[in-house]
Amino acid sequence: RDLEDRVEIRVVDRAVASVDGKVITLTQLEFETRVQLINRGGTEAAFASLDGEDLTQGLQLAIAQRLATIEADRFDAYPLEPGELEKAVADFTNRIGGEGRLQQFLDAQEADVGDVGLVLRRAIRAGRALEGRLRLKANVTEAEAKRAKADVAAWRSLPIDTVRQLLAKERFDKLVQQELTQARK
């Protein structure tokens with residue numbers, strides 16, 4: 001009892017998920033969520049507070065990406081092209097505001113450029129794996145495009161190829177959401 005009174009117990013980090021036997025900590029999740037948001041143009045995420053919704057979406061994305069890359073690894077699929085990761089890191093650096101701002105971000109996150117690269121590599125490969133799996137399912141026949149063009153007033157004046165692309169994008173986005181929901185289960 002005396003020892004308990006003298007020892008301060010402090011939680012350093014906590015596990016938020018486990019994918020294929022590997023733990024994702026809250027610290028990792030916050031970092032990955034920030035990198036993903038910045039990579040999509042949300043540069044304010046570098047230093048802003050993340051709310052519960054940000055972290056929930058970040059966790060869903062982190063799990064889905066890990067599952068997709070695990071599957072890709074099993075088949076040696078979707079490797080990065082030479083120089084592709086370096087370009088992604090350079091684009092990230094430009095997006096965040098240059099080398100100085102990147103270093104501030106890394107210092108605040110207690111991370112390095114290799115950590116950013118790991119998140120970006122996973123995002124690229126997972127995106128390709130998801131697209132490869134769903135692109136064929138999202139194809140739209142000419143007959144489907146003609147029906148959609150007739151049914152949707154805003155599409156009636158558009159060329160059939162444009163309607164087909166819009167319909168395919170809608171279908172692809174819906175399939176992605178279904179895939180992410182399934183991955184979460």
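Leu120 touches Val35, Asn39, Leu85, Ala88, Val89 and Phe92, leaving aside residues up to four places away in sequence; contact here means heavy atoms within 4.5 Å. This is a predicted model, where local features need pLDDT of at least 70 and side-chain atom pairs count only at pLDDT 80 or more, while totals for chains, interfaces and linings use all residues. Residues are numbered from 1 along each chain as its sequence is written, and side-chain values use heavy atoms, with hydrogens and water left out.

**Cores**

Leu120 also shows up in the largest nonpolar core, which has 18 residues; Val35, Phe92, Phe105 and Leu120 touch the most other members. A nonpolar core is a set of buried Ala, Val, Leu, Ile, Met, Phe, Trp, Tyr and Cys residues joined through side-chain atoms within 4.5 Å. Buried means under 20% relative accessible area, exposed over 50%, and partly exposed in between (1.4 Å probe, protein chains only). Helices are DSSP runs (H or I, at least four residues), as are strands (E, at least two), numbered from the N terminus. A second, separate core has 10 residues, among them Val19, Leu29, Leu59 and Ala62.

**Aromatic rings**

The whole structure has 3 aromatic pairs. Rings of Phe, Tyr and Trp (its six-membered ring) pair if their centres lie within 6.5 Å; planes under 30 degrees apart count as stacked, over 60 as edge-to-face and the rest as tilted.

| Pair | Centres | Planes | Type |
|---|---|---|---|
| Phe31 and Phe105 | 5.9 Å apart | 20° | stacked |
| Phe47 and Phe105 | 6.5 Å apart | 85° | edge-to-face |

Phe31 sits in H2 and Phe105 in H5, so their pair ties together parts 74 residues apart in sequence. Phe47, in the loop between H2 and H3, is 58 residues from Phe105. Phe105 is buried at 0% relative accessibility, and Phe31 is buried too. Phe47 counts as partly exposed at 37%. Phe31, Phe47, Phe92 and Phe105 make up one aromatic cluster.

**A pocket**

The second largest pocket holds about 300 Å³ of space. Its lining has 13 residues, with Lys22, Arg66, Thr69, Ile70 and Arg122 nearest the centre. By class, that lining is 5 nonpolar, 1 polar and 7 charged residues. On a 1 Å grid over the protein atoms alone, a pocket is an open set of points where a 1.4 Å probe fits, with protein on both sides within 12 Å along at least five of seven lines; lining residues have an atom within 4 Å of a point.

Note on methods
Points joined across faces, edges and corners; volume = space filled by probe spheres on them. Nonpolar A, V, L, I, M, F, W, Y, C, P; charged D, E, K, R; others polar.
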